[in-house]
Every structure is written in C-alpha cells, then in structure tokens.
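Dear colleague,

Please find below the structure that I am handing over to you. My findings follow directly after it.

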Amino acid sequence: MQASLAIVGGLFGLVAFLSTLDWRWVLGAVVLLANWPYTIFVIMPTNGRLMDTPPEAATAETRRMLERWGAFHAGRSALGLVATLIFLWAQR
C-alpha cells in the first residue's frame with residue numbers, strides 16, 4: 001500500500017508543481033517517489049535473504065538482519081514524513 005500511495009502522492013505533487021510552478025512541490029514529489037528505488041535497492045536484498053531463511057535455520061545473524069530490515073523500513077517511513085513536511089511547506 002505504501003508503494004501505491006507514494007506514486008499517487010508523487011503524481012499529485014507534480015500536478016501541484018505544474019499549476020503553481022513552485023519548486024518545492026517537485027522536491028516533495030521526488031522525495032516521496034524515492035521510496036521506490038530505496039525499497040528496491042536497500043530493503044529488497046535483506047528482505048530476500050530473510051525470506052530464503054527457513055524458520056528452523058534462523059541464527060543470530062538472522063536476528064541482526066531482521067533488526068536491520070526494521071531500521072531500513074523506518075528509513076522508508078522517514079522519506080514519507082520528509083515529503084509530507086515539504087508539501088506542508090509548499091502550501092505556505
């Protein structure tokens with residue numbers, strides 16, 4: 001769901017830019033759309049390794065990967081928060 005919302009929000013940010021020509025809307029849209037490459041290149045490799053680990057084969061390294069995955073996911077949420085703040089700034 002977060003991926004589809006990033007696309008919708010990014011597109012609306014671009015529409016707002018085209019109607020106002022305020023560069024902050026593009027900045028917010030780019031930050032919001034950055035969730036896609038961040039997910040593909042940062043989160044997906046760890047996610048794939050975790051998915052390939054059978055539960056009975058989990059080790060301390062698996063636990064560390066899971067904790068890292070959580071931190072990566074927080075980074076994705078932070079991108080959404082930053083984009084929201086930029087959009088709010090652009091409304092002034």
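I begin with Thr-53, which lies in the loop between α3 and α4; helices here are DSSP runs of H or I with at least four residues, numbered from the N terminus. Please note that this is a predicted model, in which local features need pLDDT of at least 70 and side-chain atom pairs count only at pLDDT 80 or more, while totals for chains, interfaces and linings use all residues. Residues are numbered from 1 along each chain as its sequence is written, and side-chain values use heavy atoms, with hydrogens and water left out.

Thr-53 counts as partly exposed because its relative accessibility is 22%; buried means under 20% relative accessible area, exposed over 50%, and partly exposed in between, with a 1.4 Å probe and protein chains only. The side chain of Thr-53 reaches the backbone oxygen of Arg-49 at 2.8 Å. Such a polar contact is a pair of N or O atoms within 3.5 Å; within protein, one must be able to donate a hydrogen and the other to accept it, and residues adjacent in sequence count only if both atoms are side-chain atoms. Leaving aside residues up to four places away in sequence, Thr-53 touches Ala-58, Thr-62 and Met-65, where contact means heavy atoms within 4.5 Å.

Helix α3 comes next. It has 18 residues and reaches 24 Å from its first C-alpha to its last, close to the 26 Å expected at 1.5 Å a residue; the expected span is 1.5 Å times one less than the number of residues. A kink of about 50 degrees lies at Ile-43, shortly before the proline Pro-45, the bend being the angle between axes fitted to the seven residues ending at a residue and the seven starting there. The buried residues of α3 are Asn-35, Thr-39, Ile-43, Thr-46 and Leu-50, and their cover includes α1, α2 and α4.

Within α3 (residues 35-52), Asn-35 is buried, with a relative accessible area of 4%. Its side chain reaches the backbone oxygen of Leu-32 at 3.1 Å. Not counting residues up to four places away in sequence, Asn-35 touches Gln-2, Ala-6, Arg-76, Leu-79 and Gly-80.

I then turned to the aromatic rings. Rings of Phe, Tyr and Trp (its six-membered ring) pair if their centres lie within 6.5 Å; planes under 30 degrees apart count as stacked, over 60 as edge-to-face and the rest as tilted. The count by this rule comes to 2 aromatic pairs. The Trp-23 and Trp-89 rings have centres 5.5 Å apart and planes at 85 degrees, so this pair is edge-to-face. It links distant parts of the chain, with Trp-23 in helix α2 (residues 23-33) and Trp-89 in helix α4 (residues 60-90), 66 residues apart. Trp-23 is exposed, at 53% relative accessibility, and Trp-89 is partly exposed, at 37%.

Trp-25 and Phe-87 form a stacked pair, 5.5 Å centre to centre with 25 degrees between the planes. This pair also links helix α2 to helix α4, its residues being 62 apart. Trp-25 is buried at 14% relative accessibility, as is Phe-87 at 15%.

Finally, the phi of Leu-21 is near 60 degrees, a positive value in a residue other than glycine. Leu-21 is found in the loop between α1 (2-20) and α2 and counts as exposed, at 64% relative accessibility.

With kind regards

Terms used: Helix = DSSP H or I, 4+ residues; strand = E, 2+ residues; numbered from the N terminus.
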